[in-house]
Amino acid sequence: MRYRKHKYFVANRINLIQRSKIRELFERASKMENVISLGIGEPDFDTPQNIKDAAKRALDEGWTHYTPNAGILELRNAISEYYADHYGIEIPVQNVLITAGAYEATYLAFESLLEDGDEVIIPDPAFVCYAEDAKVAEAKAVRLPLREENDFQPDPDELLELITKKTRMIVLNYPNNPTGATLDEDIAKAIADIAQDYNIYILSDEPYEHFLYDGAKHIPMIKYAPDNTILANSFSKTFAMTGWRLGFTIAPEEIIRDMIKLHAYIIGNVASFVQIAGVAALREEASWKAVENMRKEYAKRRTLVLEKLKEVPYIKAFEPKGAFYVFANIKETGMKSEEFAEWLLDKAGVVVIPGTAFGPNGEGYIRISYATRRENLLEAISRMKKVLEAL
């Protein structure tokens with residue numbers, strides 16, 4: 001019996017993963033001239049000099065070898081100190097795992113805690129990786145709608161209605177990408193109570209915690225449900241370290257212990273000199289001065305974008321209190337989100353992200369990033385105004 005030859009085989013679970021619409025737009029835009037991107041989800045600032053200097057010193061001092069899988073003890077201690085100093089939360093060092101960004105932290109949580117048949121409740125709209133992580137874990141993603149009239153915060157009553165015997169995890173991401181929403185304390189406490197009552201894990205993804213405006217505050221979910229929360233965080237946004245791939249996760253010790261087993265076979269350990277740079281980021285005053293300067297600049301850009309968008313027809317912006325995004329309603333254009341994003345790129349040379357890239361409930365919205373220079377923001381919104389006035 002002869003078998004038909006194939007050039008390659010791909011596991012079925014890989015075919016389930018959808019390619020990011022954000023990347024597709026970027027690739028198309030990269031082939032065009034005179035394009036302004038308001039789609040990028042990373043700081044346009046350079047990593048603070050003291051952090052770069054720490055990495056250089058670490059290389060010179062021989063930090064070029066393997067480290068413990070969980071990460072170097074000094075960095076794990078620095079993270080524990082950080083939560084004590086900033087939030088008054090005591091984190092045992094054995095509950096901290098250093099990861100390759102928050103991306104790996106969320107992946108480890110999905111793979112370690114979910115299996116075939118489990119259900120995970122994911123907000124809609126939400127950051128793109130959660131639904132794909134659920135597919136790889138063979139879990140069922142159950143969408144919890146976030147609505148503008150609720151300031152894009154979860155409704156605890158709706159959350160309760162979605163819980164079944166198969167529900168294993170609830171995902172939260174505040175300050176939120178893509179909406180810029182923050183989470184009110186009463187809602188955070190209500191979700192924590194639900195998770196504890198039903199013995200459900202909370203995966204709380206918190207990389208935008210330091211970019212807050214108009215008096216908004218952030219309190220880590222681990223404060224409200226310490227025995228149920230897996231916290232994912234990253235140095236990427238806070239310290240403009242996206243390319244360094246440095247993050248961490250905090251969870252109860254027995255969960256961290258099992259996450260380390262998987263992490264050991266995927267990453268082994270985060271680059272040793274990068275971990276030393278992370279210590280400097282958390283402990284040195286120069287780092288935090290840079291963070292505050294970034295926050296002040298983002299606040300100015302946020303005000304600029306919100307004011308200028310008021311002059312643009314057919315667009316109504318939700319006023320964000322966190323992160324560096326504006327989630328804008330474009331329903332009056334009569335176009336779907338993807339159609340509008342394609343149209344705007346063709347007509348104005350401006351990249352925005354369709355709301356549906358973040359889930360079906362993002363239909364009728366676009367995400368605008370203000371993590372770019374003010375002159376770019378002004379020019380991009382001017383172009384948007386011109387083409388929309390002619391619509």
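## Exercises on pockets and a sheet

The second largest pocket holds about 380 Å³ of space, where a pocket is an open set of points on a 1 Å grid over the protein atoms alone, at which a 1.4 Å probe fits, with protein on both sides within 12 Å along at least five of seven lines, and a volume is the space filled by probe spheres set on the points. The model is predicted, with pLDDT of at least 70 needed for local features and 80 or more for side-chain atom pairs, while totals for chains, interfaces and linings use all residues. Residues are numbered from 1 along each chain as its sequence is written, and side-chain values use heavy atoms, without hydrogens and water.

**Exercise 1.** Describe the lining of the second largest pocket by position and by class.

*Solution.* By class, the lining divides into 11 nonpolar, four polar and seven charged residues, with Asp, Glu, Lys and Arg counted as charged, Ala, Val, Leu, Ile, Met, Phe, Trp, Tyr, Cys and Pro as nonpolar, and the others, Gly among them, as polar.

**Exercise 2.** Determine which element gives the largest share of the lining of the largest pocket.

*Solution.* The largest pocket has a volume of about 970 Å³. Among its 42 lining residues, I22, Y103, F127, V128 and C129 are the closest to the centre. Two or more lining residues come from each of α2 (21-30), α5 (101-113) and α6 (129-136), these helices being DSSP runs of H or I with at least four residues, as strands are runs of E with at least two. The largest share, six residues, belongs to α6.

**Exercise 3.** Locate the partners of T249 in β8 and state whether T249 is buried or exposed.

*Solution.* Four bridges join β2 to β8 in an antiparallel arrangement, and in this pairing L97 has T249 as its bridge partner. Four bridges also join β7 to β8, again antiparallel, and A232 stands opposite T249. From β8, G247 and T249 point one way and F248 and I250 the other, and all are buried, that is, under 20% relative accessible area with a 1.4 Å probe and protein chains only.

Notes. 1 Å grid on protein atoms, 1.4 Å probe; cavity = no way out; pocket = protein on both sides within 12 Å on 5 of 7 lines; lining within 4 Å. Buried < 20%, exposed > 50% of the residue type's maximum accessible area, 1.4 Å probe, protein only. Pairing = 2+ DSSP bridges.
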